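Below are my notes on the model, as numbered points.

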Amino acid sequence: MKKIDKAAYQERLDRITAIFKDMMVHATEQAKYRCPYKNRFDECTAQFGCRNQRKPRETGGLLMCGGDDKLDYRMAWETEEAPRERPDRGSKPDQDSPGTDVAAPHHGSITDGTTTRPLTAGRTIFDYADDLAVQVPTSCFRNGICHECIVEVQDGMEGLVPRTEAESFLRENYRLACQARVVDPDVDIAFSPLRRTPKILTVTEEKETPLDPMVSRQGDVVFYDGEEIDRYRGHLYGLAIDLGTTTVVMDFVDLETGESVHLCSFENPQRFGGSDVMHRISYDGAYEGELWNAIINAVNHEIMDWCERTGTARQEIYEIVVAGNSTMRDLFFRLDVQSIGQKPYKSLVENEYLAGERETTALTVGTRRLGLRANPKARVYGMPLIASHVGGDVAADLATVDLASQPGVSMLVDVGTNTEVVVAGNSTMRDLFFRL
């Protein structure tokens, strides 16, 4: 009998084990997205309640599966609903049966303020947003991980399931659309996403401004402040962001001509953290990173939307400039803002500047560090702060109108959720800060 080579045998065994292990990992991953209870007709054969169950295709038929195979179906099984009685094929369901809530009569409705749909238990606000053609952002396929699909529920909160663990960072009447599931179909629910588009002034008087961009090119080489960073891809774009407490405006600019190529605006999605800077400072202290995540996701959404509609590569964006009050700017740069909410109301950056630890209150970091979708070597420039709550938005105002050089006495008023007033005369300026 031939002697077995134990080393060779073990090597083959390990190889076979590795092959089967890879197959199991692949099978497990695939099993997450194809529910074993969904048949080839996309009908649900499960004998329990599931969030993906929809009205039968025909009377007496099986409930339809509303899952799109991009979701982890196991999340849909996490429901407190009682098991549903499955109707038999060909038989008419009993209208009085508690197991036929899909066809049960109801009187409630759901609206986004413009369109209304009848309400059915078991569906989420995100499901209804699809029906109402309401844009609600998400990047986690509605699993409650990305925290992007925040909506404000103006009415009918009592008709929804209590907040899930994924919503623990929210308070008052804010919910994640993918987690807010209807349990009482007799209430009237009104909701709105935080990404509404306000009307802004888009036509202004043109002002001749000499071009001196940080980004330039020589032939096919792109430079940032004299440093080679990329090969020319066809365009040199920059992005200017007016980061208001309530409204965000984004202007895409051709850095070679100085022309604006696209202007857009949206309601600041950080609104769930409070309507003013003091509330947001307090909120960020309790839920660090949530406000930063909300604004970065919103900006990225607008960038990618513009790129997709125009066929532009995000790598053609080489510089981003952010102007906002001290709190909004530092939240964008993911800095601790707690000191701005306490006497003497100075940011960490201003304190470092006053201590001689930095030369300016302006900030410059790479887009990768902030998670922004632009050229990987692009830079983000935060306008310098003036003092305390008076930040880069007022600095941008002053740079634009050159207030100090105006004859006589002039006054600049930046009206917003937080309002700043600057008075200038005889080449000097005095600033006042009001919170309205």
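1. Aspartate 225 sits in the loop between β9 (221-224) and β10 (227-231); helices (H or I, at least four residues) and strands (E, at least two) are DSSP runs, numbered from the N terminus. Its phi is positive, about 50°, although aspartate 225 is not a glycine. At 55% relative accessibility, aspartate 225 is exposed, where exposed means over 50% relative accessible area, buried under 20% and partly exposed in between (1.4 Å probe, protein chains only).

2. On the basis of the values: this is a predicted model, in which local features need pLDDT of at least 70 and side-chain atom pairs count only at pLDDT 80 or more, while totals for chains, interfaces and linings use all residues. Residues are numbered from 1 along each chain as its sequence is written, and side-chain values use heavy atoms, with hydrogens and water left out.

3. Alanine 133 is another residue other than glycine with a positive phi, here near 60°. The loop that holds alanine 133 runs between α3 (125-131) and β5 (150-155). Alanine 133 is exposed, with a relative accessible area of 71%.

4. The peptide bond from lysine 343 to proline 344 is cis, with omega near 5°. Proline 344 belongs to the loop between α6 (326-332) and α7 (348-354). For context, most residues other than glycine have a negative phi, and most peptide bonds are trans.

5. An open sheet of 5 strands has the order β4-β3-β7-β5-β6, with mixed pairing; two strands pair if DSSP finds at least two bridges between them. At the edges are β4 (116-118) and β6 (174-176), each of which pairs on one side only. On average, neighbouring strands of this sheet are turned by 30° against each other, direction ignored (axes are lines fitted to C-alpha atoms, for helices over the stretch in contact, and angles run from 0 to 180 degrees between N-to-C directions).

6. Within this sheet, β3 (residues 109-111) and β7 (residues 188-193) pair in the parallel sense over 3 bridges. Isoleucine 110 stands opposite isoleucine 189 in β7.

7. The largest nonpolar core has 66 residues; such a core is a set of buried Ala, Val, Leu, Ile, Met, Phe, Trp, Tyr and Cys residues joined through side-chain atoms within 4.5 Å. Helix α5 (residues 290-310) gives the most to this core, with 10 residues. The residues with the most contacts inside the core are Ile241, Met250, Phe272 and Phe332.

8. Which residues does methionine 250 contact, leaving aside its neighbours within four places in sequence? Among them are Leu239, Ile241, His262, Phe266, Val299 and Glu302, with contact meaning heavy atoms within 4.5 Å.
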